[in-house]
Amino acid sequence: MRILLSNDDGYFAPGLACLANALESVAEITVVAPERDRSGSSNSLTLDRPLSLQQAHNGFYFVNGTPTDCVHLAVTGMLDVLPDMVISGINHGANMGDDTVYSGTVAAATEGFLLGVPSLAVSLTDVSNGHYTTAARVVVDLVNRFKKDKLKIPILLNINVPDIEYEQLQGMRVTRLGRRHKAEPVVRAISPRGNTVYWVGPAGPAQDAGKGTDFHAVQFNNVSITPLQIDLTRFDQMEFVSQWLGN
């Protein structure tokens, strides 16, 4: 089995190294990740300049672009054979609810999915204890399941793993995305040169975190697995907008 690994934290991130190490025994691994932290880059492609592909001392490849660039470059130009799976992570922090819209981790997996490859986005929900090995073991479990029972259609899964020991996990739950309250305001500061600068504020707290959501699952020490789709069409408003336009 051939797996393409990527992330948005950069090729030097501990979560990526942990995941690659865990998967080496079950698959042939190729790592193509950004040269620096590209968290929050979403599904952006670099179109205004060429990309470079370089190899680090540990064998990982890195690209001077976004997570989407990395997967696109690898699948459409670097690899001779289409990978059996694209896995993005292990992200340094949760990607739940509205986070998925901005997440570079999810974006890398989304690009794999758009290119016809089953794809996983994997995040450790809290990194205070640094249980990357727990998330890595969850991914190995899923890869082994995939090897035994291959998915017949491309699928995009957003996976969030609690930051606890593997043995403390209460199971896996198929969930829907929750919702957050709106983000906190930007933080204004003065630079050393006297200019006003702004830092994007933190994400808002969970608003919809009821039973069945990703927030609820991880709160009770379950692995949250949310199938994602790309079609953003708001079908229930099509007739309303058509009437508003007088069609």
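How many helices and strands does the secondary structure of the protein come to? I looked this up to get my bearings, and I found seven helices and 13 strands. The model I am reading is a predicted one.

**Overall form.** I checked the radius of gyration next: 19 Å, close to the 18 Å that the globule rule gives for 247 residues, so the protein is as compact as a globular protein of that length. Along the principal axes, I see the C-alpha atoms filling a box of roughly 55 × 50 × 45 Å.

**Contacts and surface.** I took the contacts between residues at least 6 apart in sequence and found that 75% of them join residues at least 24 apart. I noted that buried residues make up 45% of the 247. For the accessible surface I have about 13400 Å², with 53% of that belonging to carbon and sulfur atoms.

**Helix α2.** Which residues are buried in this helix, residues 67–78? My list reads Pro67, Thr68, Asp69, Cys70, Val71, Leu73, Ala74 and Val75. I then asked what covers them, and the cover includes the strands β1 (2–6), β2 (28–34), β3 (53–55), β4 (61–63) and β5 (85–92), along with helix α4 (104–114).

**A patch on the outside.** I also came across a nonpolar surface patch of about 490 Å², made by Phe240, Val241, Trp244 and Leu245. Is Phe240 buried or exposed? Its relative accessible area is 55%, and the cut-off for exposed is over 50%, so I wrote Phe240 down as exposed.

Definitions and conventions
Residues are numbered from 1 along each chain as its sequence is written. This is a predicted model: local features need pLDDT of at least 70, side-chain atom pairs count only at pLDDT 80 or more; totals for chains, interfaces and linings use all residues. Side-chain values use heavy atoms; hydrogens and water are left out. Buried means under 20% relative accessible area, exposed over 50%, partly exposed in between (1.4 Å probe, protein chains only). Helices (H or I, at least four residues) and strands (E, at least two) are DSSP runs, numbered from the N terminus. Contact means heavy atoms within 4.5 Å. Patches are made of residues with over 30% relative accessible area and no salt bridge: like charges are joined within 9 Å, nonpolar side chains (Val, Leu, Ile, Met, Phe, Trp, Tyr) within 5 Å. Accessible areas come from the Shrake-Rupley method with a 1.4 Å probe; for residues, only the protein chains shown count as cover. A salt bridge is a side-chain nitrogen of Lys or Arg within 4 Å of a carboxyl oxygen of Asp or Glu. The radius of gyration is taken over C-alpha atoms; the globule rule is 2.2 Å times the number of residues to the power 0.38.
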